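I opened the model to look up a few backbone and packing details. My entries follow.

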Number of protein chains: 2
Amino acid sequence: MKSADAAYDAIRLQILSGSVTPGTRLIEADLARDLQTSRTPIREALRRLEAEGLLEVSPHRGARVSEWTLEDLREIYDLRSALESMAAERAAIRISEETLAELVALCDEMDGQAPARTSASRDRISALNNRYHDLVREAAASPRLNTMIQSVVQLPLVSATFHRYRAPDMQRSANQHRELIEALRVGDGQWAGAVMRAHVLAAKATLVKPDIADGSDIAVGLDAPNS
Amino acid sequence: MKSADAAYDAIRLQILSGSVTPGTRLIEADLARDLQTSRTPIREALRRLEAEGLLEVSPHRGARVSEWTLEDLREIYDLRSALESMAAERAAIRISEETLAELVALCDEMDGQAPARTSASRDRISALNNRYHDLVREAAASPRLNTMIQSVVQLPLVSATFHRYRAPDMQRSANQHRELIEALRVGDGQWAGAVMRAHVLAAKATLVKPDIADGSDIAVGLDAPNS
DNA sequence: CGATCGGTAATTGTGTACGATCGCAAACGA
DNA sequence: TCGTTTGCGATCGTACACAATTACCGATCG
């Protein structure tokens with residue numbers, strides 16, 4: 001693996017895991033020292049992270065970790081609903097029987113973890129969910145669309161949605177996963193797109209209206225990077 | 001201006017103007033020599049262009065200019081229709097009176113150039129059209145959405161659509177521009193989105209079915225970079 | 001007391017050398 | 001004749017040194 005890739009992964013992980021908080025200044029020289037490499041790979045990594053929107057770089061002032069407002073979140077979820085529903089629509093007329101079978105298997109396993117009392121269980125469900133959505137995107141067979149979706153899905157708070165779901169939310173999500181499979185199976189793009197749009201907008205509602213008063217820490221439990 | 005930015009612009013221009021054809025291998029050392037700079041800024045430029053999809057880089061084999069298939073074009077226009085209609089929808093509830101007035105002015109000027117017999121006239125219309133769409137995107141007030149649209153609009157064949165329009169196409173396009181203004185003025189997001197979707201898909205049809213048998217050279221007339 | 005104008009230090013931007021890796025072709029053996 | 005291997009050349013990946021630019025802070029003046 002290239003040193004630049006390693007630096008990219010390391011810095012990205014630090015941001016997504018919350019060990020560097022938004023607003024923090026990232027200085028090339030410091031990063032190079034910490035990651036045991038030179039500034040050149042660090043620069044490449046920072047530029048990539050900037051392109052993904054995780055960093056904002058100002059000349060001679062270093063790169064700062066982006067901050068996310070509520071408005072940003074809304075915007076991101078709206079974007080995601082548009083893109084993912086388009087992916088689902090395309091997938092409906094392209095998906096294979098094998099992929100459909102795998103989607104069913106994923107749903108089964110998620111239902112098995114259903115109670116989701118432990119944090120580990122939630123992590124597991126989150127991973128399965130990511131896999132599920134990855135399969136749908138892949139079935140859409142549009143690299144460009146896929147890239148765009150990734151860039152909005154990988155953002156810190158987005159991949160942690162499941163940690164804010166309560167039982168009814170989980171149930172609805174599971175139902176939508178099943179319904180989407182039906183829509184895909186019969187090749188109904190309109191239906192598939194609509195289900196996916198609802199699915200994403202439901203997630204948006206859960207995140208944007210933080211009326212869950214239990215733990216209330218939005219600390220990002222880091223999911224397996226789905227890149 | 002940073003040397004890296006200059007290199008980026010120069011290379012991008014070469015690709016978009018067609019002076020380097022798809023498939024060409026771009027070698028960092030050569031580019032550095034040609035552009036009177038060192039490899040470091042070149043590297044940064046190439047990475048940015050790669051992120052935009054204009055290049056495909058393989059380690060130790062150099063960067064190659066991406067090739068576009070018909071399927072790519074379809075995909076790009078579908079993406080664009082989804083994104084631009086979303087932008088129009090957002091713009092409908094955010095656009096200002098001033099911006100609306102400018103849109104009207106742009107339409108008036110485009111109608112003035114309507115016959116569009118000369119190539120210069122078409123270039124002029126193309127520039128006005130770009131400005132029009134830029135205003136709508138800006139009114140959507142979503143940097144992320146805007147960035148995504150730019151990345152699909154800046155592709156070579158996309159910004160040259162007007163050079164393939166015949167009189168009826170131009171007329172329809174003009175009508176849609178006017179209709180969109182109406183939708184925006186009354187703040188009807190659904191309407192605005194639908195008009196924009198139709199507008200983009202009409203452009204897609206013109207490009208993807210190349211049944212125009214006049215000049216038939218798809219040589220890309222380079223529009224002003226709208227970045 | 002506030003604003004403006006320096007100077008200094010920190011940080012990024014660029015050039016270049018060197019090492020690593022890979023593709024390609026020629027030579028060798030079966 | 002064909003497959004394999006080996007060596008060379010080309011190209012990228014990384015490191016580091018230096019230049020340029022800018023931010024920050026303190027001092028001075030109104």
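I checked B:His60 for exposure: it has 5 C-beta neighbours inside 10 Å and therefore counts as exposed (12 or fewer other C-beta atoms within 10 Å of its own, C-beta atoms being placed from the backbone; 20 or more is buried, in between partly exposed). I found B:His60 in the loop between β2 (55–58) and β3 (62–65) of chain B. Its phi is near 65°, positive though the residue is not a glycine.

The model is predicted: local features need pLDDT of at least 70 and side-chain atom pairs count only at pLDDT 80 or more, while totals for chains, interfaces and linings use all residues. Residues are numbered from 1 along each chain as its sequence is written, chains are lettered from A and ligands numbered from 1 in the order in which they are written.

I then looked up B:Gln36, another non-glycine residue with a positive phi, about 60°. B:Gln36 sits in the loop between α2 (28–34) and α3 (39–51) of chain B. Because B:Gln36 has 9 C-beta neighbours inside 10 Å, I list it as exposed. Helices (H or I, at least four residues) and strands (E, at least two) are DSSP runs, numbered from the N terminus.

Last, I turned to chain A. The axes of α8 (167–185) and α9 (189–208) of chain A come within 8 Å and cross at roughly 165° (axes are lines fitted to C-alpha atoms over the stretch in contact, with angles from 0 to 180 degrees between N-to-C directions). α8(A) and α9(A) are therefore roughly antiparallel (angles over 145 degrees).

Technical notes
Parallel < 35°, antiparallel > 145°, perpendicular 65-115°, else oblique.
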